[in-house]
Amino acid sequence: MGFLKNIIWVLIAIAVVGCENTSSKEMELLDFVPENASVVLKISNPTGSETGIQSLRRALSSNSLLSAFDSTKPAAFFSEKALLLKYLNSTSESLLCINTPNDSTTVYTFITREHPNLFAPDSIKDKTIETLTYNKVSIQRVTIDKQVAFTAIKDSVFIASSSQTVLQNILEGKTEQSETFKKIARIQQGEDLNVMLNTSAMPLTDSTKVNFASWMSLNVEVLPNAITATGVTMAGDSVPQLLSVFDGLLPRQNDLAQVVPNEALGAISVTYNDAEVFQKNLQKFRGEVFSDSLVNPLFESINEIGLIRLKTGAAVVLKSIDPILTEESLLKYISEDNSFREVTIYNFNQPEIFTKTFSPFLSEVSPVYAFQLDNFFIFSESIPDAEQIITAYKNNSCLAKMGYFETAIPQLSTASSLLIYKMRGSIPDAISHFFSSRAASEIKNVDLTSYPFAAIQFSYDRNFAHVNLVCQETGNSIQSPGGLTQLFGLALDHKLLSTPHFFSNHKTRGQDVVVQDVNNNLYLISESGKVLWTKKLPDPIIGKIHEVDLLRNGKKQLAFTTKKAFYVLDRNGKPVSPFPINFKDPVTQPLAVFDYDNNRKYRFVVTQGKTILMYDSKAQLVKGFNYKSASSTIVLPPQHIRMGNKDYLLIAEENGKLNILNRVGSTRINVSKKFEFSDIPIAEEANHFVIITKDNTKVSISQTGKITSQKLEVSEAYYFSMTGTTKVTLDDNKLRINGKLVELPFGIYSKPSSFTVNRKTYVSVTETQENKVFIFNKSGILLPGFPVYGTSAIDMGSSSMQGKTIFVVKGSEKEIVLYQIQ
């Protein structure tokens with residue numbers, strides 16, 4: 001952003017050299033501004049006991065953005081080559097002007113009212129002063145530590161310049177005479193710091209310089225963690241200037257930030273209220289003959305165009321006031337290609353239409369894909385760029401959702417003609433144009449990551465535009481709200497069959513992801529998104545995959561069943577001997593794993609219709625377990641519940657019988673009634689067994705066998721779970737966490753899940769129509785940054801990064817998505 005950079009360099013000059021001021025007649029000083037100055041900085045009257053420049057220098061020295069440039073050549077220019085400025089003690093208003101006559105030269109000129117103590121050379125060591133004469137005016141050639149400057153006095157005005165030629169031109173009256181400059185100088189008065197910039201060759205993007213306007217004047221406020229400015233800019237009448245393309249148009253609301261990914265490098269938003277007038281003005285600016293042909297129907301219902309710069313390419317954005325009309329106009333240019341996260345991505349056959357129509361605002365972009373996000377039509381150069389934008393939009397990680405954007409936005413108007421965003425603290429090539437090209441590489445190496453966002457906007461109003469600028473520090477927080485970050489989105493070759501689950505990695509102390517696809521391939525994927533291995537299985541896995549530690553050494557294994565076998569795999573995907581166990585009869589329920597005393601002496605329970613098979617860690621049937629067969633088909637996975645010091649094994653049958661057994665398979669509690677079991681697992685609540693039946697009756701069974709029933713006035717979609725002390729119910733869109741009511745948006749939700757990770761309890765649900773994941777804390781408060789994109793229930797765990805919580809969820813039909821919560 002060249003506008004901001006010009007301001008920064010002049011502020012560096014003030015911070016480095018310094019001077020003092022009181023009041024003066026402003027226009028007399030402006031008469032001495034050199035021709036072709038690129039920047040003129042005016043420091044106005046002081047207030048209070050501290051002079052204006054002293055106050056300004058203090059503010060500049062404490063500003064973290066400017067301090068980042070302390071070791072660069074522009075800063076060195078003022079601290080080492082412009083030494084004279086350090087020894088000037090102005091007591092009146094001052095002007096500091098910058099000229100760049102060529103790529104290798106930067107010239108400063110300092111102008112102020114003469115007074116006796118302005119320059120006291122006697123106290124300066126290592127100096128020489130020579131007196132020259134030019135047109136009967138004395139010029140002093142001052143050399144300080146081998147650095148040369150030239151000074152003169154004309155009409156009681158002191159002028160100092162690093163260039164003898166520039167000073168002589170001023171003495172000859174070759175000064176800035178443009179009417180626009182004088183108008184701008186009169187408009188902006190009364191502020192401590194005013195910067196006037198020549199905008200006749202300003203960078204619109206990193207690669208595009210345009211004749212934007214004549215002059216811009218900004219009142220700048222420098223705070224320790226921010227630079228803000230307001231002002232005006234004006235176009236001249238002599239040559240076409242880009243600002244004039246907004247003549248006769250009204251600014252509209254800038255909404256582009258809603259689709260700009262947080263990871264973008266920058267963006268441009270342009271708004272208008274009349275497409276025909278706008279295109280006519282653009283053609284005039286480009287020197288084209290205006291065509292009487294109608295505006296392309298694609299652009300008739302558009303009131304905002306945008307350009308998003310990504311690390312890997314660019315995308316064009318059209319915001320429509322009538323999406324149906326825009327979609328109809330787009331049909332002849334597109335053909336369906338594929339989809340990503342329920343968004344159709346089309347091939348687009350008119351990649352040059354945008355640059356031809358909207359140049360120079362849209363340049364060096366050639367999109368070949370198109371997709372729609374609500375009323376935004378977006379055109380990208382590649383599929384990965386399209387997926388990045390869709391992901392950010394679905395995950396609420398676009399610019400408009402960022403905390404730093406919400407902090408900065410009050411400094412900006414909601415509607416403007418042109419709005420330029422610079423993001424990620426990167427420094428574009430264009431901003432180095434203020435100084436010589438030799439400083440460019442050094443400038444680009446300055447780390448501005450604590451300033452991830454800057455914006456400048458122009459709101460056209462008759463023959464000028466209002467300007468707002470903001471650049472605000474946010475520390476190192478560049479993630480989405482709440483620190484929520486997508487670590488990866490991995491698309492497999494085939495559709496997912498199961499929801500992804502975590503599997504502990506003893507080496508990284510984090511989590512890997514395990515999932516099966518529709519071709520029965522089992523994958524283990526690292527926390528970074530790398531596929532570690534795949535294993536072809538003959539059949540789908542039934543239910544969840546359990547994590548076990550058979551050797552009790554911290555090295556985990558995967559345990560699961562298919563309809564024909566019971567597997568235990570090590571973390572390399574190899575079978576753990578003597579597994580697998582193959583069966584003639586089909587397995588009908590997910591594998592159940594019991595660890596009675598939390599000592600990793602596992603009992604693995606396999607269900608085959610009415611039959612229960614209990615194995616130990618050596619794949620041997622447990623001889624002491626006497627329960628062999630139920631009286632009817634078992635309808636739920638066997639469960640183990642511990643109350644006090646007693647273990648209870650629960651087996652629910654199709655005929656309504658509930659068997660409550662002890663460890664050896666004998667009846668521990670006789671249950672006199674039969675129940676119509678739902679698919680909700682039996683839970684423990686207040687030392688009672690809780691059953692939710694198909695007709696939503698809540699049945700409680702005490703440890704003595706006493707039964708109480710309560711008909712619940714709930715919907716058919718009711719769900720109940722107890723995890724430790726966390727009770728969760730879901731009734732349509734009413735989620736209750738330990739009795740705390742949370743009203744979700746109306747939709748269709750997955751069963752809620754509870755997790756305890758890093759000593760914190762979380763509850764999650766996924767809305768399966770809009771594909772949004774919600775995660776709440778145990779107090780029922782939605783975590784910042786949610787909901788995010790996801791299409792299934794989630795699994796949560798602890799990351800390999802200490803203290804970080806991660807969760808994994810299914811994305812599109814082939815996709816796994818891993819997120820991190822700060």
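Leu318 touches Leu298, Phe299, Ile302, Glu304, Ile305, Phe354, Asn375, Phe376, Phe377 and Phe379 when residues up to four places away in sequence are left aside, a contact being heavy atoms within 4.5 Å. The model is a predicted one, in which local features need pLDDT of at least 70 and side-chain atom pairs count only at pLDDT 80 or more, whereas totals for chains, interfaces and linings use all residues. Residues are numbered from 1 along each chain as its sequence is written, and side-chain values use heavy atoms, with hydrogens and water left out.

Leu318 and Phe278 touch the most other members of the largest nonpolar core, which has 71 residues; such a core is a set of buried Ala, Val, Leu, Ile, Met, Phe, Trp, Tyr and Cys residues joined through side-chain atoms within 4.5 Å. Here buried stands for under 20% relative accessible area, exposed for over 50% and partly exposed for values in between, with a 1.4 Å probe and protein chains only. The element that gives the most to this core is helix H8 (residues 275–285), with 4 residues, where helices (H or I, at least four residues) and strands (E, at least two) are DSSP runs numbered from the N terminus. Apart from this core lies another, of 34 residues, with Ala408, Met423, Phe453 and Val470 among them.

Aromatic pairs number 28 in the structure, the criterion being that ring centres of Phe, Tyr and Trp (its six-membered ring) lie within 6.5 Å, with planes under 30 degrees apart counted as stacked, over 60 as edge-to-face and the rest as tilted. The pair of Tyr272 and Phe278 is stacked, because the ring centres are 4.5 Å apart and the planes stand at 15 degrees, and both Tyr272 and Phe278 are buried. By contrast, Phe675 and Phe677 form an edge-to-face pair, with 6.1 Å centre to centre and 65 degrees between the planes; Phe675 counts as buried at 9% relative accessibility, and Phe677 is buried at 8%. Ring pairs also link Phe246, Tyr272, Phe278, Phe299, Tyr333, Phe348, Phe354, Phe358, Phe361 and Phe379 into a cluster.

Across the whole structure, 17 salt bridges are found, each a side-chain nitrogen of Lys or Arg within 4 Å of a carboxyl oxygen of Asp or Glu. Lys319 and Glu304 meet in one of these, at 3.4 Å from N to O, and the pair links distant parts of the chain, with Lys319 in strand E16 (residues 314–320) and Glu304 in strand E15 (residues 302–309), 15 residues apart. Both Lys319 and Glu304 are buried. A further bridge joins Asp679 and Lys751 at 3.2 Å from N to O, linking the loop between strand E40 (667–669) and strand E41 (683–685), where Asp679 lies, to the loop between strand E48 (740–743) and strand E49 (753–757), where Lys751 lies, 72 residues apart. Asp679 counts as partly exposed at 49% relative accessibility, as does Lys751 at 41%. Bridges that share partners join Asp597, Arg642, Asp647 and Arg663 into one network.

Most residues other than glycine have a negative phi, and most peptide bonds are trans. A cis peptide bond joins Ser577 and Pro578, with omega of about 10 degrees, and Pro578 is placed in the loop between strand E32 (565–569) and E33. The bond from Phe786 to Pro787 is likewise cis, with omega near 5 degrees, and Pro787 lies in the loop between strand E51 (772–777) and strand E52 (788–789). Asn36, although not a glycine, has a positive phi of about 60 degrees; this residue lies in the loop between helix H2 (26–30) and strand E1 (39–43) and is exposed, with a relative accessible area of 62%.
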